[in-house]
Amino acid sequence: MDLRRLAYFVAVAEHGSVTAAAAALHVAQPSLSQSIRALERDMSVELFDRRQRPLALTDAGKALLDPARKVLADLADARAAVGCVVGLAAGWLDVAVLDPLAVDVAPAIAAFRRRHPGVPVRVHGPRDEDDLVRHVVDGRCELGVTYLPVEHPAVRVEPLGRQERFRVDGADVRTRHSEAVLPLLRAGATAVVAGGYARRAEAAGAVLHRFDPPATVEVGVVSRLSRPSGSSRHQHRSPAARRLETMLRTYGVDGFSSLHSR
């Protein structure tokens, strides 16, 4: 059985449509559809009831879903075991980082690259917190750095620290695009900033105003929990992921006491 087809099947089952699964996996929709059809031919059954929206699993699909998840989890465990042998000399590490936190995690990632040049770090930029969790749960990324709380049964959550939030006054202009934050601040826009963006805003000449009482946000790292044959769950992280998490904790995300606020 083609493991890639099995992974595609699980993704479609979890997302409820081929379109959503293709977008999450970053594959072409026709290719994913063909893979699902090929898997159905291999098994001589239909796995989805295509008359329903969202797609519904047939009885055969329901019977396959949990074993398929277990196979994929076991494969990930096998890769992790090999990674422990290889150590930190080769391979790569995929990390999902919310865009506003990219400035804060950059020092830890830079230090990791200096210490382990044979392990490239690929940083993914999810749309929001929910998309970041999907990146981790479906295996695209080993770690995710995000705002807390995160509540998902398939992930482990480890707090990294807290950041204080500051207000910058001006015209009431808002944007979801972080690359536009500093230009808007320079133009007099209103924004709530924290962490590295607060530091950059101050360096750009913005005046930061502290909330009363102070407002903070917690930042943490999430990783996937894999499920073995029993009901218990265990952590699923490569040596590289564990090392980077240690560096994130060492460098921290909350050391911004030098900011000048009113």
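**Surface, fold and selected residues**

The protein chain has an accessible surface of about 13800 Å², and 52% of this belongs to carbon and sulfur atoms; areas come from the Shrake-Rupley method with a 1.4 Å probe, and for residues only the protein chains shown count as cover. This is a predicted model, in which local features need pLDDT of at least 70, side-chain atom pairs count only at pLDDT 80 or more, and totals for chains, interfaces and linings use all residues. Residues are numbered from 1 along each chain as its sequence is written, and side-chain values use heavy atoms, with hydrogens and water left out.

Q: What percentage of the residues in the protein chain is buried?
A: Buried means under 20% relative accessible area, exposed over 50%, and partly exposed in between (1.4 Å probe, protein chains only). Of the 262 residues in the protein chain, the buried share is 43%.

Q: Is D104 buried or exposed?
A: D104 lies in helix α5, residues 102-115; helices (H or I, at least four residues) are DSSP runs numbered from the N terminus. Its relative accessible area is 9%, so D104 is buried.

Q: Which residue has a side chain joined to that of D104 by a polar contact?
A: A polar contact is a pair of N or O atoms within 3.5 Å; within protein, one must be able to donate a hydrogen and the other to accept it, and residues adjacent in sequence count only if both atoms are side-chain atoms. At 3.0 Å, the partner of D104 is Q163.

Q: What is the relative accessible area of M43?
A: M43 belongs to helix α3, residues 29-43. This residue is partly exposed because its relative accessible area is 30%.

Terms used. Helices (H or I, at least four residues) and strands (E, at least two) are DSSP runs, numbered from the N terminus.
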